[in-house]
Each structure stands twice: as structure tokens, then as C-alpha cells.
Amino acid sequence: MDATFPALLIRDQVQGSERVDFIRMDEADLMPGDVEVAVHYSSLNYKDALGITGSGRVLRRSPIVGGIDAAGEVIASSDTRFKPGDPVLVTGAGLGEYHHGGFAGRIRVPADWVVPLPAGMDCRQAMILGTAGLTTALILKRFQENQQLPEMGPILVTGASGGVGALTISLLAAQGYEVVGLTGKPEMAPWLRSLGASEVLDRHGLSMGFRPLETARWGGAVDVLGGEVLGWLARTVDDWGNIVVVGLAGGADLRTTVMPFILRGVSLLGVTSANCPLPMRGPLWERLGSDWAIPHLDSILSEEATLSQLPEFSRRMLAGRTWGRILVNLRADT
Ligand SMILES: NC(=O)c1ccc[n+]([C@@H]2O[C@H](COP(=O)([O-])OP(=O)(O)OC[C@H]3O[C@@H](n4cnc5c(N)ncnc54)[C@H](OP(=O)(O)O)[C@@H]3O)[C@@H](O)[C@H]2O)c1
């Protein structure tokens, strides 16, 4: 039997050109850890695309096996919490950044990073969610903790057609919020409505104004873009509304004044899924498997990729030409 497995190795980061090799590894190549997992599925996230293409300095060692997500079956564990055959998942924490990641047939990781799959959720569903799904759960948690009530008005979700955007629209709508999607792909409006958006706005037709405060339109917002769109959200969220700041797909800048904060009581809330405290992860995944289950998961899955397709998918993702979630099937690369 072949004891080797396939892996996508990122050699180093060179601005704008990927240095990726498709190799075969064996157990001896894995990094130290308590739990070894046969990876069935991973997923492609924006951070993975930055690492694969060398477009952003997100990797903290090289060479490194990419992939910040993994789900599969425990092969061996020196930690009594896990035994061979257990279905588990790992997201972020260092996976694919400084510890060999999920774009490989196997991972070996610290036991504290490992989350048992919630009852009724399989590896495929877990990776349609992946880091984007955990982020969506963190967004809802932040909203609830900071008293973002559905009656405060519609929540605007930017990057609506992307992974975090689509999952967030679906979860917030299922939890009783009115949700409006902002997208650069107006042709996706019928799909976004089917996920629960009451309205879909075209990002290219947006008139953002320039005053420190514009007419209040949103009860709250979830932003994956940053840059001028985030500045506009700060000017247009209503009294005591919350803006969850998630990403920088449109830019890392934020220009605002203090007016939204001192005259409307607006709050900016951060989320970081990679650094989500380890004890918080299991309970959040349990909720994603039960009362926070995200409807429409199958329609949010856009494509299934093999390892060798990931450079091409990554370039498309950074150009804003993908939608929904991209699953990576490790069983297709044996
Ligand atoms: N803080 C955290 O814990 C966390 C977790 C996950 C992701 N993130 C960050 O959140 C962002 C989105 O992640 P994702 O997984 O949802 O990525 P994604 O699936 O690629 O979605 C991003 C979406 O943003 C829009 N977009 C892309 N490029 C753009 C550009 N140049 N200008 C304006 N809009 C653009 C597109 O949606 P439309 O065409 O519909 O506008 C795109 O589908 C990334 O910055 C990622 O690093 C952060």
C-alpha cells in the first residue's frame, strides 16, 4: 500500500507569482502534534488564495503546506479526547500559516486545535462552512452580545456573493434579521434573494456621499471589504447599530470621523476566526450543527476543486470572479 499522500507545498512568497509545488509526503514529513487526521475535504478561503498567489504576506514560514481548513477522520491520537475513526475538523489556529495545512492527504496537529464534528454534520458540510462558517457564527455572536436586535433595521452585508457574505446572509435571515446584500455581481441577485436577502444593491451603482454623517439606512452591517465601503457604512448605520469588520477584499484603509460614534453610538466590532479562542470553537460549531444551522448549504457550494486546480481558483478568487464556497476534495487526489 502507498504510504505517501499528495500535498500542495507553497515554497515561498513572491509578490504576484505563485511558488507552488504538488508533492507527495509521508508521515515523517508531518509536523509534531497529538492527533493525526486523514483529510477528506478542505476549502479555499481568501487567505489561502493570498498565500498561494503570493499576493499578501499571510504565511509565517516557508515552505509550508497550504490550507487553513481541514475535515476528516482521526488516524491516531496520543490525546485521550480523540480515537481512530472520530470525524473531526480544524480551522485556522496556525494551520496553513506556520503549521502544515489542510491541502494534504494528512495533517498532524495539537489536540487543542481539533474540534469533533457536530452530530449530523459530515466532513463535506463542515468544509462548505469551514473558516467562513466559523466566522459567520462569530459575527452572530458579536451581534447578539452587543444587542443588535432585528427590530433595529436591516443589516447590510458586503461582498454578498462571497463565502462569508453568502453564509452570513443565510444565517442572519434564518435568525430573523432583515438582510440586504451589496454585491459587485448584480446578476447574482436572484440567488442572493433565495438565500434570504430582502434586497440586493449593486456596488458599482452606489452613491456613497462624503459628509461625516449621511442619512441612516442600516440597523447594522457586516463588512468584508474595508476601504471606502467601510467608511460609507460608518456614515450610514443608524443609532446604536453595530458594524462587524471582517475583511479587506476592497482595501485595508478606513477613513472616518468620530461623528458616527459620538452622535449615533455606532460600534465597530472585530472578529478573528484564526485566533478564535480554542475553548470557544467547539460550542460555536455545535451551534452551527443545531440552532444556528445555515440553510441552503448546497446552493452556497459553487465548485469542488482538486489540489492542482487551486492556483487557478485562487487567481479568480482574488479578482472577485468566484462566488459562494469552494470545496477542496482531497479524496480526488489519491
Ligand atoms: N476576520 C476573519 O476572521 C475573517 C474570516 C474569513 C474571511 N475574512 C476576510 O474576509 C474577506 C472575504 O473572505 P471570503 O472568504 O468571503 O472571500 P470571497 O469568497 O473571495 O468573497 C469576497 C467577496 O468580496 C467581493 N470582492 C472581491 N474582490 C473585491 C474587490 N477587489 N473589491 C470589492 N469587492 C470585492 C466579492 O463579492 P461581490 O462581488 O458580491 O461584491 C467577493 O466574492 C477577505 O478579506 C478575508 O480575508 C476574515
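I'll start with E27, which counts as partly exposed at 38% relative accessibility. Keep in mind that this is a predicted model.

The side chain of E27 meets that of R106 in a salt bridge, 3.1 Å from N to O.

The structure has 17 salt bridges. Another one of them pairs K83 with D86, at 2.9 Å, N to O. Here K83 is exposed, at 53% relative accessible area, while D86 is buried, at 16%.

Then there is E312 with R315, at 3.6 Å, N to O. Both sit in helix α9 (residues 310–318), three residues apart, or about one turn of the helix. E312 is partly exposed at 38% relative accessibility, and R315 is partly exposed at 40%. Going back to E27 and R106, shared partners join them with E36 and R108 into one salt-bridge network.

How many cavities of 30 Å³ or more does the structure hold? One. The largest cavity holds about 50 Å³ of space. Its lining has 13 residues, with K47, D48, L59, G67 and G96 nearest the centre. Helix α1 (residues 46–53) gives the largest share of that lining, four residues. By class, the lining has six nonpolar, four polar and three charged residues.

Last, the surface. V258, M259, I262 and L263 form a nonpolar patch with about 390 Å² of accessible area together. L263 belongs to helix α6 (residues 259–263) and is exposed, at 56% relative accessibility.

Conventions
Residues are numbered from 1 along each chain as its sequence is written. This is a predicted model: local features need pLDDT of at least 70, side-chain atom pairs count only at pLDDT 80 or more; totals for chains, interfaces and linings use all residues. Side-chain values use heavy atoms; hydrogens and water are left out. Patches are made of residues with over 30% relative accessible area and no salt bridge: like charges are joined within 9 Å, nonpolar side chains (Val, Leu, Ile, Met, Phe, Trp, Tyr) within 5 Å. Accessible areas come from the Shrake-Rupley method with a 1.4 Å probe; for residues, only the protein chains shown count as cover. A salt bridge is a side-chain nitrogen of Lys or Arg within 4 Å of a carboxyl oxygen of Asp or Glu. Helices (H or I, at least four residues) and strands (E, at least two) are DSSP runs, numbered from the N terminus. Buried means under 20% relative accessible area, exposed over 50%, partly exposed in between (1.4 Å probe, protein chains only). On a 1 Å grid over the protein atoms alone, a cavity is a set of points where a 1.4 Å probe fits but cannot get out, and a pocket is an open set with protein on both sides within 12 Å along at least five of seven lines; lining residues have an atom within 4 Å of a point. Grid points are joined across faces, edges and corners, and a volume is the space filled by probe spheres set on the points. Ala, Val, Leu, Ile, Met, Phe, Trp, Tyr, Cys and Pro count as nonpolar, Asp, Glu, Lys and Arg as charged, and the others, Gly among them, as polar.
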